[in-house]
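Hi,

Here is the structure I promised to pass on. Have a look at it first, then read my notes below.

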Amino acid sequence: MSEVRVRFAPSPTGKLHIGGARTAIYNWAFARATGGTFVLRIEDTDPERSTKENIDLIIRAMRWLGLDWDEGPHIGGDYGPYMQTERFDTYAEALEQLKASGNVYPCFCTSEELAARREAVQAGAANEPDPCRSLSHEEAQKRIDAGEPHVWRLKVPEDRGTIVVHDIIHGDAEFDAALMDDMILVRSDGTPTYNFAVVCDDVNMKMTHIIRGDDHLSNTPRQVLVYEALGYPTPTFAHLPMICGPDGKKLSKRHGAASVEEYRDMGYLPDALFNYLALLGWAPDGETTLFTREQMAKLFTLERISKNPSSLDYDKLEWINSQYIQQMGAAAFVDTLAPYLIEAGYAADETGVEALRSRLEAIYPLVNERVKLMTEAVPMIAYLLDDSIELDEKSVEKVLRKEGKGAKTALVEAAAVLEDCPWTVEGIEAALRGLCEKLEAKPKFVFQPIRVAVCGNMVSPPLFESIELLDRGVVEQRLRAAAELAVD
RNA sequence: GUCCCCAUCGUCUAGCGGUUAGGACGUCGGCCCUUCAAGCCGAAGAUCGCGGGUUCGAAUCCCGCUGGGGGCGCCA
């Protein structure tokens with residue numbers, strides 16, 4: 001078997017869509033699993049909607065996800081260029097070949113005529129062959145020479161019969177060629193249409209497998225016709241089921257996040273999003289849910305891709321994200337936290353973050369089981385970073401100002417007890433537990449006021465560990481300040 | 001309208017002729033406990049969309065129906 005070559009071919013009309021991201025992941029995984037080549041090709045033939053910025057955005061999002069490719073824009077390769085707008089000569093060449101072999105013909109119909117015909121057909125009228133198809137060579141040439149605008153259409157062979165699309169995921173799908181109209185290959189402005197450009201590129205770039213969205217399945221028989229007209233064997237197809245929103249409907253802005261960037265901004269880790277997306281439509285077995293890119297690259301097969309469309313489940317994504325945060329380790333945590341710290345003003349730049357590194361790494365074990373989204377981290381640890389803190393109003397009401405609970409006494413006594421205890425988690429815990437006994441109070445009535453005083457909230461990371469990470473003076477000051485507000 | 005695709009707990013899925021239909025997220029309950037989490041234990045939750053076949057036996061194979069999705073662009 002010849003070497004596997006696959007590609008991800010986004011059109012830069014927007015950011016990297018979540019569905020596109022998964023397509024890219026599967027292509028990547030298949031290439032890595034088979035020792036094949038993964039190609040990135042930019043389909044920018046639509047000048048109206050394609051932008052340079054989007055190309056950068058897509059490439060950056062792919063890198064962020066941890067994807068790498070063997071050939072593509074910037075890095076080159078043996079089958080470049082990898083932007084369709086730079087490959088126009090190859091399409092022109094292909095068109096000449098098709099003209100010579102008589103597989104195409106010029107069509108002079110206007111867009112209006114076409115639209116009217118299309119409407120008639122969709123309303124139930126019989127699908128008539130394009131009138132230009134029967135124009136004589138001479139007549140057609142005369143009109144071309146006269147400068148009449150025309151497109152080039154593919155001539156569907158009359159006796160083509162059934163077109164079978166071999167798809168690894170869906171099996172064989174059969175289409176009747178008689179129902180297929182002569183699609184436009186080259187527009188009147190000379191540019192190739194999508195269906196023509198893809199086939200030319202996939203042929204010239206020697207693609208062996210086409211892994212793409214389900215939405216292309218119905219277009220595939222048309223493309224097969226182009227392969228045949230060009231005289232090339234068709235590659236193997238794998239059409240991925242669509243990804244829907246949580247409500248099972250098509251993904252749109254209404255459902256929130258449609259682009260990879262948005263997920264990044266919401267605080268998802270690239271490893272987690274990768275893992276989740278990989279799992280959306282593919283499973284290594286019935287058990288495994290957490291795996292790395294490397295593991296997927298070993299286990300991936302197209303045969304195990306699911307046929308049914310899947311709905312996004314943010315709860316599961318979030319759970320996967322929390323699993324990764326829990327296990328990522330202190331160093332990686334600080335690295336990914338850096339931009340958030342800078343944005344929140346805790347550091348001016350990367351260097352500033354480095355100055356805080358050891359402290360942040362010490363904080364990690366207190367929050368790694370609590371942070372589900374990276375966006376939650378900074379607010380959660382602010383009380384360990386700021387000199388002064390603001391007490392949560394609700395917590396003050398429910399814990400410090402609650403009469404009959406002895407909050408004020410607990411705070412005053414705690415300040416005293418912490419004055420000379422060993423400043424270790426054990427020392428602090430011993431001192432405060434001793435205080436509970438001395439006051440004959442349930443731990444809850446001693447610890448909660450202290451928590452509010454020190455952490456600013458009745459809900460917080462572990463208390464003794466938090467205190468240990470703060471300076472003794474700061475803790476005392478917070479306890480005294482809170483005692484002022486508290487009642488017994 | 002027409003062609004194509006799809007159909008297992010709420011969600012993602014395992015299953016590929018014989019299983020008590022398995023797992024994960026979520027949900028609910030319990031343990032732990034100074035809060036929130038995490039962790040551990042347990043439970044509920046799927047007459048495998050419906051109806052016909054084939055077969056000793058069907059979630060698995062065949063046909064029909066229904067429901068959902070997609071294509072039918074000088075968009076990709």
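Lys-394, Lys-398, Lys-402, Lys-405, Lys-442 and Lys-444 come together on the surface as a patch of positive charge. For a patch, residues need over 30% relative accessible area and no salt bridge, and like charges are joined within 9 Å. One of these, Lys-444, sits in helix H18 (residues 443–455); helices are DSSP runs (H or I) of at least four residues, strands (E) of at least two. Lys-444 counts as exposed because its relative accessibility is 56% (exposed is over 50%, buried under 20%, partly exposed in between, with a 1.4 Å probe and protein chains only).

Keep in mind that this is a predicted model: local features need pLDDT of at least 70, side-chain atom pairs count only at pLDDT 80 or more, and totals for chains, interfaces and linings use all residues. Residues are numbered from 1 along each chain as its sequence is written, chains are lettered from A and ligands numbered from 1 in the order written, and side-chain values use heavy atoms, leaving out hydrogens and water.

Now the rings: there are nine aromatic pairs (Phe, Tyr or Trp rings, the six-membered one for Trp, with centres within 6.5 Å; planes under 30 degrees apart are stacked, over 60 edge-to-face, the rest tilted). Tyr-26 and Phe-300 make a tilted pair, because their planes are at 40°, with centres 5.4 Å apart. That pair links distant parts of the chain, 274 residues apart. Both Tyr-26 and Phe-300 are buried.

Cheers

How values were computed. Patch = residues over 30% accessible without salt bridge, like charges linked within 9 Å, V, L, I, M, F, W, Y side chains within 5 Å. Areas by Shrake-Rupley, 256 points an atom, 1.4 Å probe, with all protein chains shown as cover. Salt bridge = Lys/Arg side-chain N within 4 Å of Asp/Glu carboxyl O. Lys, Arg positive; Asp, Glu negative; His and termini not counted. Charge placed at Lys NZ, Arg CZ, Asp CG, Glu CD.
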